[in-house]
Amino acid sequence: MFLSGGVDSSMLAGLMRNSTGRSFDVACGGGTDESVGDFPHARACADRLRLDYNEVRPSPAEYHRDWTEMLDTYATPVSRPRD
């Protein structure tokens, strides 16, 4: 799941963790500047809930390339790059 470390995603992650009793993959995405964004909050939430945490940090060029490709492929904006 996407985890920002905010109230909504943290609460959902906690509910999922408590209801399953297992860890699961969470990810936070943002830019390459650590001082901007949700990374510290998402990381703290994942650590507290013992979740498998990943960070996605595309460069501006990678973001532009992938976004353009997604628009060309899907002909509509999507929420995340495909796997």
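Analyst: Contact means that heavy atoms lie within 4.5 Å. The model is a predicted one, in which local features need pLDDT of at least 70 and side-chain atom pairs count only at pLDDT 80 or more, while totals for chains, interfaces and linings use all residues. Residues are numbered from 1 along each chain as its sequence is written, and side-chain values use heavy atoms, with hydrogens and water left out. Applied to Ser4, and not counting residues up to four places away in sequence, the contact rule gives Ser9, Asp38, His41 and Ala42.

User: In what order do the elements of the chain run from the N terminus on?

Analyst: Helices (H or I, at least four residues) and strands (E, at least two) are taken as DSSP runs and numbered from the N terminus. On that basis the chain has 3 helices and 2 strands. Starting at the N terminus, their order is α-β-α-β-α.

User: What share of the 83 residues of the chain counts as buried?

Analyst: The C-alpha atoms fill a box of roughly 40 × 30 × 20 Å along the principal axes. A residue is called buried under 20% relative accessible area, exposed over 50%, and partly exposed in between, using a 1.4 Å probe and protein chains only. By that division of the 83 residues, the buried share is 22%.

User: Where does Ser4 lie, and what is its relative accessible area?

Analyst: Ser4 is placed in the segment before α1 (7–20). Gly37, in the loop between β1 and α2, is 33 residues from Ser4 in sequence, with 8.6 Å between their C-alpha atoms. Ser4 counts as partly exposed because its relative accessible area is 27%.

User: Is Val26 buried or exposed?

Analyst: Val26 is placed in strand β1. Leaving out residues up to four places away in sequence, Val26 touches Met1, Leu3, Ala46, Leu51, Asp52, Tyr53 and Asn54. Because its relative accessible area is 2%, Val26 is classed as buried.

User: Which residues is Thr32 in contact with, leaving aside its neighbours within four places in sequence?

Analyst: Thr32 belongs to the loop between β1 (25–29) and α2 (39–49), and at 56% relative accessibility it counts as exposed. Between the C-alpha atoms of Thr32 and Val56, which are 24 residues apart along the chain, the separation is 9.0 Å. With neighbours within four places left aside, the residues in contact with Thr32 are Arg57, Pro58 and Ser59.

User: What angle lies between the planes of the aromatic pair Tyr63 and Trp67?

Analyst: Rings of Phe, Tyr and Trp (its six-membered ring) pair if their centres lie within 6.5 Å, and planes under 30 degrees apart count as stacked, over 60 as edge-to-face and the rest as tilted. The search of the whole structure finds 1 aromatic pair. This pair, Tyr63 and Trp67, is stacked, with 6.1 Å from centre to centre and an angle between the planes of 5 degrees.

User: How many residues apart are Tyr63 and Trp67, and in which helix?

Analyst: Trp67 is partly exposed, with a relative accessible area of 28%. Tyr63 and Trp67 are separated by about one helical turn because they are 4 residues apart in helix α3 (residues 60–74).

User: What is phi of Arg50?

Analyst: Most residues other than glycine have a negative phi. Arg50 lies in the loop between α2 and β2 (52–56) and is exposed, at 59% relative accessibility. Its phi is positive although the residue is not glycine, and the value is near 55 degrees.
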